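Subject: Structure handover and notes

Hello,

Here is the structure for your files. My notes follow below it.

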Amino acid sequence: MNTKEVNVLVLAYLGDTIYEDYVREFLIKKGIGNVKDLQEASIKYVSAKGQARILKELMDKNVFTDEELSIIKRARNHKGVSHPKSCDIVTYKYATGFEALIGYLKLENRIERIEEIISKILY
């Protein structure tokens with residue numbers, strides 16, 4: 001499989017679940033023991049607004065390689081026009097770029113790189 005040819009929305013679909021698993025595990029290990037509290041705490045990480053903010057912060061810190069930026073930009077520039085009511089289209093596209101990168105790295109079996117990026121967000 002050539003992962004660079006996989007639809008970026010498919011990469012984002014995969015990346016969303018992988019990223020959310022890391023966030024959920026992080027919050028549980030922090031000692032949050034109530035599902036409602038876990039859900040509320042996860043929003044700042046897993047919402048489109050949270051993901052867009054995180055992506056921009058990491059981009060400002062030059063965390064990503066040129067290859068990774070290429071995946072992010074390809075997803076961000078995808079021509080889709082639908083987005084959730086909870087955010088604007090630009091925010092949604094940035095979040096999609098972040099999720100697509102995580103999905104791409106997973107399909108490339110670059111788990112250490114995913115964990116390196118996640119560690120800059122959660123720890």
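Which helix holds Gly103? Gly103 is found in helix H5. Helices here are DSSP runs of H or I with at least four residues, strands are E runs of at least two, and both are numbered from the N terminus.

Two points on the source. This is a predicted model, so local features need pLDDT of at least 70 and side-chain atom pairs count only at pLDDT 80 or more, while totals for chains, interfaces and linings use all residues. Residues are numbered from 1 along each chain as its sequence is written, and side-chain values use heavy atoms, with hydrogens and water left out.

**Gly103**

Gly103 counts as buried, at 0% relative accessibility. Buried means under 20% relative accessible area, exposed over 50%, and partly exposed in between (1.4 Å probe, protein chains only). Not counting residues up to four places away in sequence, Gly103 touches Leu11, Leu14 and Gly15. Contact means heavy atoms within 4.5 Å. Lys120 is 17 residues from Gly103 along the chain, and their C-alpha atoms are separated by 17 Å.

**The core**

The largest nonpolar core has 34 residues. Such a core is a set of buried Ala, Val, Leu, Ile, Met, Phe, Trp, Tyr and Cys residues joined through side-chain atoms within 4.5 Å. Those with the most contacts inside this core are Tyr19, Tyr45, Phe64, Phe98, Ile117 and Ile121. At least two core residues come from each of H1 (8-29), H2 (35-46), H3 (48-60), H4 (66-76), H5 (89-107) and H6 (111-122). H1 gives the most, with eight residues.

Take Tyr19. Leaving aside neighbours within four places in sequence, Tyr19 is in contact with Tyr45, Val46, Gln51, Ile54, Phe98, Ile102, Ile118 and Ile121.

**H1 against H6**

The axes of H1 and H6 come within 11 Å and cross at roughly 50°. Axes are lines fitted to C-alpha atoms, for helices over the stretch in contact, and angles run from 0 to 180 degrees between N-to-C directions. That makes H1 oblique to H6. The classes are roughly parallel under 35 degrees, roughly antiparallel over 145, roughly perpendicular from 65 to 115, and oblique for the rest. H1 passes H6 in a right-handed crossing. Right-handed means the near helix is turned clockwise from the far one by less than a right angle, left-handed anticlockwise. From H1, the contact is made by Tyr19, Tyr22, Val23 and Phe26. H6 brings Ile111, Ile114, Glu115, Ile118, Ile121 and Leu122.

**H4 and its cover**

The buried residues of H4 are Glu68, Ile71, Ile72, Ala75 and Arg76. They are on the same side of H4, because they cover an arc of only 130° around the axis. The arc is that of the directions from the helix axis to the C-beta atoms. Their cover includes H1, H3, H5 and H6.

H4 and H5 pack at about 135°, with axes 7 Å apart. That makes H4 oblique to H5. The crossing is right-handed. Among the H4 residues in the contact are Glu67, Glu68 and Ile71. Among those of H5 are Tyr94, Gly97, Ala100 and Tyr104.

**Two loop residues**

Asn62 is found in the loop between H3 and H4. Its phi is near 55°, a positive value in a residue other than glycine. Asn62 is exposed, with a relative accessible area of 67%.

Asn109 lies in the loop between H5 and H6. Asn109 is not a glycine either, yet has a positive phi of about 60°. Asn109 counts as exposed at 59% relative accessibility.

Best wishes
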